Amino acid sequence: LYFTLDTRNTRSKILHMDTTPLTEWQQKYPLTLGKPEGNTCYSLFGLEINPGWYPLVEDLIAKIEGHLAEKQALGLLDPDYPFSVQQIKEKYGTLRFYVGAADDTIFQWIHEAEKKSANVCEMCGADGKLCGSSWLHTLCESCRTANGIDPLHTQLWGDDNGT
């Protein structure tokens, strides 16, 4: 299912809702994703990203799963503060991966994946760059054009130097 919200090019958001990879990943990576519990955005909405970032997110999840499995084998997982995914989404055109009860290694991997997402088209996974006028996306030129998204307006968001 694809949902597109467009309020006359002043704010557009492309959102792809697909539960298939999440269901498969929950079985493949039970320590990381398990069965969502509580009222977190992850438990309520699942993946809030487009399919171009699926490989990036799965790579991150696989690293976390291996790390958690090693800690579990050594008896180092704290049952009072279990690892939990809180939300996986796009914000300001890049990936956000929110977790609870994680260590510095996991947070470093998350930071790396979020930073990498700024160069990966969220729709198709090709090389991408930040674009949009009021709602930001990371898209390749083809997906940007196909979805009617404006190039990045540097007067609103700054130039490549962050000014």
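**Salt bridges and layout**

Author: Arg 144 and Glu 141 form a salt bridge, at 2.5 Å from N to O. A salt bridge here is a side-chain nitrogen of Lys or Arg within 4 Å of a carboxyl oxygen of Asp or Glu.

Reader: What kind of model is this, and how are residues numbered?
Author: It is a predicted model, where local features need pLDDT of at least 70, side-chain atom pairs count only at pLDDT 80 or more, and totals for chains, interfaces and linings use all residues. Residues are numbered from 1 along each chain as its sequence is written, and side-chain values use heavy atoms, with hydrogens and water left out.

Reader: Back to that pair. Where do Arg 144 and Glu 141 lie?
Author: Both sit in helix α5 (residues 141-146). They are 3 residues apart, about one turn of the helix. Helices (H or I, at least four residues) and strands (E, at least two) are DSSP runs, numbered from the N terminus.

Reader: Is Arg 144 buried or exposed?
Author: Arg 144 is buried, with a relative accessible area of 15%. Glu 141 is partly exposed, at 46%. Buried means under 20% relative accessible area, exposed over 50%, and partly exposed in between (1.4 Å probe, protein chains only).

Reader: How many salt bridges are there by this rule?
Author: The count comes to 4. One of them joins Lys 28 and Glu 58, with the closest N and O atoms 3.3 Å apart. That pair links distant parts of the chain, 30 residues apart. Lys 28 is in helix α1 (residues 20-28) and Glu 58 in helix α3 (residues 54-73).

Reader: Which residue forms a salt bridge with Lys 71?
Author: Asp 103, with the closest N and O atoms 3.0 Å apart. Lys 71 belongs to helix α3, while Asp 103 is in the loop between β5 (94-100) and α4 (104-117). They are 32 residues apart, so this pair also links distant parts of the chain. Lys 71 is partly exposed, with 22% relative accessibility.

Reader: Zooming out, how many helices and strands does the protein chain have?
Author: 6 helices and 7 strands. Along the sequence, the pattern reads β-β-α-α-β-α-β-β-α-β-β-α-α.

Reader: How much of the protein chain is buried?
Author: Buried residues are 40% of the 163 residues.
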